[in-house]
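Okay, everyone, let me put this one on the screen.

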Amino acid sequence: MAMTLLVINFGSSSLKLAVFRKGECQLVIKRPKEHFEKLLREIFESFPIDVIAHRFVHGGIFDKPLIINSKKDLAPLKKLLSLAPLHNPLSYKSIETCLSLFSAVNVAVFDTSFFHNLPMKAQKYALPKQMTEKYGIRRYGFHGLAHEALLKSVKGKRVITAHLGSGASMAAHLNGQPIDISMGFTPLEGLVMA
């Protein structure tokens, strides 16, 4: 049985949606963020969506995707809203909307997951250990979904990937693993964006 996947990405400047069936992209839509619910209904009328993947920019402690079957499963995500105020609240609302309108499985996919296991020298800031532990201060890294996809498309022991758009970042990889990222505690650290 072929599964149909809808990917929802609230970026800093637009809403991007893509539908995949049998691993092939069937539809890509890039629009301003208005009329989201109407657009979703049109997609569901055209495609039998089984799974909806929602990009969540800052996943905090999450290092893997989170399956959301009901509104009670949203509780851990609510704690992440202030971590990426341009993105996470819109992604949260997207999941709420999809849960109330459709029977598809919803999955939150975190941009920070790819960089969750950076080497300690790349994670840590020159701050007292008590402070970093108390407040969760570390270099999280962002655009992980883009960097991971780029890394899969090239071969090499030492690779540098660049995500350039309204958001911009660069990452270094060694033997297929990220070892550094230009972004840190927030998405604003690193390359100038927009």
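So, which elements do the buried residues of α1 pack against? Quick housekeeping before that: this is a predicted model, where local features need pLDDT of at least 70 and side-chain atom pairs count only at pLDDT 80 or more, while totals for chains, interfaces and linings use all residues. Numbering runs from 1 along each chain as its sequence is written, and side-chain values use heavy atoms, with hydrogens and water left out.

Back to α1: its buried residues pack against β1 (4-10), β2 (15-21), β3 (24-31), β4 (51-56) and α3 (88-101). Contact here is heavy atoms within 4.5 Å, and helices (H or I, at least four residues) and strands (E, at least two) are DSSP runs, numbered from the N terminus.

The helix covers residues 36-46, and its buried set is Phe36, Leu39, Leu40, Ile43 and Phe44. Looking down the axis, these sit within an arc of 135 degrees, so they line one face; the arc uses directions from the helix axis to the C-beta atoms. Facing away from that buried side are the exposed Lys38, Glu45 and Ser46. For cut-offs, buried is under 20% relative accessible area, exposed over 50%, partly exposed in between (1.4 Å probe, protein chains only).

Over in α3 we have Ser94. Ser94 counts as buried, at 1% relative accessibility. Leaving aside residues up to four places away in sequence, Ser94 touches Ile8, Phe10, Phe36 and His54.

Last one: Met131, in helix α5 (residues 129-135). Met131 is partly exposed, with a relative accessible area of 36%.
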